[in-house]
Amino acid sequence: MKTLKELEEIRQRALESVNLRKERNGTRVVVGMGTCGIAAGARPVLLAFLEEVKKRNLQDVIVTQTGCIGVCRLEPMAEVYRPGEEKVTYVKLTPEKVRRIVAEHIVNGRPVTEFTIGAADQQ
């Protein structure tokens, strides 16, 4: 059985761990790699993000994967998180679209609105 002091120490460590994640300064790209995403072509999209980030030597960009993002009909999808900005969700991606997203959004800070989920909903 843990004492109250031990439980408080565990709580503090957990809170510090969460805060570390919140205080990231770089850009994070999350590619949906659920079965729906993979079936729609998410693997080449993930590889395109990784290649572009490496080719441009972007040190503050992390590319990760997750399961189904939730709108299977719009796969392959990716979310871009930049510090201090709203998350941008890109849909129906291709490797060619990824190259443009990296150049315009991740490098220059201008989201490619025509590839976003908001633009897809208007079609």
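Where is the place of K92 in this structure? K92 lies in the loop between β4 (88-90) and α4, where helices (H or I, at least four residues) and strands (E, at least two) are DSSP runs, numbered from the N terminus. The model is predicted: local features need pLDDT of at least 70, side-chain atom pairs count only at pLDDT 80 or more, and totals for chains, interfaces and linings use all residues. Residues are numbered from 1 along each chain as its sequence is written, and side-chain values use heavy atoms, with hydrogens and water left out.

**Backbone features in loops**

- Most residues other than glycine have a negative phi, and most peptide bonds are trans.
- K92 has a positive phi, near 50°, and is a residue other than glycine.
- With a relative accessible area of 40%, K92 is partly exposed; buried means under 20% relative accessible area, exposed over 50%, and partly exposed in between (1.4 Å probe, protein chains only).
- N57 also has a positive phi, near 55°, and belongs to the loop between α3 and β2.
- The relative accessible area of N57 is 53%, so N57 is exposed.
- E75 and P76 are joined by a cis peptide bond with omega of about -5°, and P76 is located in the loop between β2 and β3.

**Helix α3**

- The buried residues in α3 are A42, V45, L46, A48, F49, E52 and V53.
- These residues are on the same side of α3 because they cover an arc of only 160° around the axis, the arc being that of the directions from the helix axis to the C-beta atoms.
- An α-helix has 3.6 residues a turn, so residues three or four places apart point the same way.
- On the face of α3 turned away from the buried side are the exposed residues E51, K54 and K55.
- The buried residues of α3 are covered by elements including β1 (27-32), α2 (35-40), β2 (61-66), β3 (78-81) and α4 (95-107); contact means heavy atoms within 4.5 Å.

**Aromatic rings and charges**

- Y81 lies in strand β3 and is partly exposed, at 26% relative accessibility.
- Not counting residues up to four places away in sequence, Y81 touches G26, T27, R28, V30 and K87.
- The charged end of R28 is over the ring of Y81, 4.4 Å from the ring centre; a charge sits over a ring if NZ of Lys or CZ of Arg is within 6 Å of the ring centre and within 35 degrees of the ring normal.
- K97 is placed over the face of F115, 5.1 Å from the ring centre.
- Y81 and V61 are 20 residues apart along the chain, and their C-alpha atoms are 9.7 Å apart.

**Cysteines**

- A disulfide is a covalent bond between the sulfur atoms of two cysteines.
- The whole structure has zero disulfides, a disulfide being a pair of cysteine sulfur atoms within 2.5 Å.
- C68 is in no disulfide, and the nearest cysteine sulfur, that of C36, is 3.5 Å away.
- The closest cysteine sulfur to that of C72 is also in C36, at 3.5 Å, which is too far for a bond.
- C68 is partly exposed, with a relative accessible area of 42%, and C72 is likewise partly exposed at 42% relative accessibility.
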